Amino acid sequence: MANEALLIVDMSNDFVADNGTLTVGKTAQEIVAYIKDLATSFLEEGNVVVVSMDAHQPNDPHFELWPPHNIVGTEGQQLYGDLYDWFQNNKDNESLIYTPKTNYNAFFQTNLAETLRSLGVEKVHTVGVTTDICDFLTVAGADAEGFKTVIHKRGVATFTDLGETMVNHMKRCFHTQVIE
């Protein structure tokens, strides 16, 4: 059984593509190769990879706070670029899990914690977007569920100037291991 999992958070067309409705843009596009290589490595080592993706309905109250994004079934919700191809090539691997979420925190009202525990996971690595919102709150959720946490600085991006601050905050608050 695997004792580590990689969580790929919100790497959708809406968050990454140039024309995404809530895009991080180029900085998110630049982390795709790192995430893809890391995910491949995790699967080859017998560990778990989770694609955690925002999944909103068209009338979601969330859109009172943010522009509509990641609406279920749209191209905007699909994995971006090479990550989409990587997922299609690996989707039959039982160590690859797709988990929709309606909250910033991938653990909130999902069965992710139970699934990871049932697979023997003790440590959760996080990559994706955005560093200061969904990544931060997912790390907080993992910590609250009793998992050790790791953040990969080369695998996260944001559209604010708070990325470095929040990585340091994860380290301080949750004793998150930071991989440069």
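Biologist: What is His152 in contact with, leaving aside its neighbours within four places in sequence?

Modeller: This is a predicted model, so keep that in mind. Beyond those neighbours, His152 is in contact with Tyr34, Leu38, His125, Thr126, Val127 and Ile179.

Biologist: Which polar contacts join its side chain to Tyr34 and to His125?

Modeller: The side chains of His152 and Tyr34 are joined by a polar contact of 2.8 Å. Another polar contact of 2.8 Å joins the side chains of His152 and His125.

Biologist: Is His152 buried or exposed?

Modeller: His152 counts as buried because its relative accessibility is 3%, and the cut-off for buried is under 20%.

Biologist: Where does His152 sit?

Modeller: In strand 5, which covers residues 148-157.

Biologist: Let's go one step back along the chain. Where is Ile151, and is it buried or exposed?

Modeller: Ile151 is also placed in strand 5. It has 0% relative accessibility, so it counts as buried.

Biologist: What does the side chain of Lys153 make a polar contact with?

Modeller: The side chain of Glu164, at 3.0 Å. C-alpha to C-alpha, Lys153 and Glu164 are 8.6 Å apart in space, and they are 11 residues apart in sequence.

Biologist: Gln177 came up with Ile151. Where is Gln177 placed?

Modeller: Gln177 belongs to strand 6, residues 177-179. It is partly exposed, at 39% relative accessible area.

Biologist: What is Gln177 in contact with, neighbours within four places left out?

Modeller: Lys123, Thr149, Val150 and Ile151.

Biologist: How far is Gln177 from Tyr34?

Modeller: The C-alpha atoms are 18 Å apart in space. In sequence, Gln177 and Tyr34 are 143 residues apart.

Biologist: Change of topic: backbone geometry. Where is there a cis peptide bond?

Modeller: Between Val129 and Thr130, with omega at about -15°. Thr130 is found in the loop between strand 4 (123-129) and helix 6 (131-144).

Biologist: What is the phi of Asp10, and what about Asn70?

Modeller: Asp10 has a positive phi of about 55°, although it is not a glycine. Asn70 is not a glycine either, and its phi is positive at about 50°.

Biologist: Where do those two lie?

Modeller: Asp10 is in the loop between strand 1 (4-9) and helix 1 (13-16). Asn70 is in the loop between strand 2 (48-54) and helix 4 (81-90).

Biologist: Buried or exposed?

Modeller: Asp10 counts as buried, at 0% relative accessibility. Asn70 counts as buried too, with 0%.

Biologist: Now the whole protein. How many helices and strands?

Modeller: Seven helices and six strands. From the N terminus on, the elements run β-α-α-α-β-α-β-α-β-α-β-α-β.

Biologist: What radius of gyration does the protein have?

Modeller: It has 15 Å. A compact globule of 180 residues would have a value near 16 Å, so the protein agrees with that. The C-alpha atoms fill a box of roughly 40 × 40 × 30 Å along the principal axes.

Biologist: What share of the residues is buried?

Modeller: Buried residues make up 52% of the 180. The protein exposes about 8,500 Å², and carbon and sulfur atoms supply 49% of that area.

Biologist: What about contacts between residues 24 or more positions apart?

Modeller: They account for 76% of the contacts with a separation of 6 or more.

Biologist: Last one, charges. How many positive and negative?

Modeller: There are 11 positive and 25 negative charges. Their mean positions are 7 Å apart.

Definitions and conventions. Residues numbered from 1 in each chain as written. Predicted model: local features only at pLDDT ≥ 70, side-chain atom pairs only at ≥ 80, totals over all residues. Heavy atoms only, no water. Helix = DSSP H or I, 4+ residues; strand = E, 2+ residues; numbered from the N terminus. Rg over C-alpha atoms; globule rule 2.2 N^0.38 Å. Buried < 20%, exposed > 50% of the residue type's maximum accessible area, 1.4 Å probe, protein only. Contact = heavy atoms within 4.5 Å. Areas by Shrake-Rupley, 256 points an atom, 1.4 Å probe, with all protein chains shown as cover. Lys, Arg positive; Asp, Glu negative; His and termini not counted. Charge placed at Lys NZ, Arg CZ, Asp CG, Glu CD. Polar contact = N/O pair within 3.5 Å; in protein donor to acceptor, adjacent residues only side chain to side chain.
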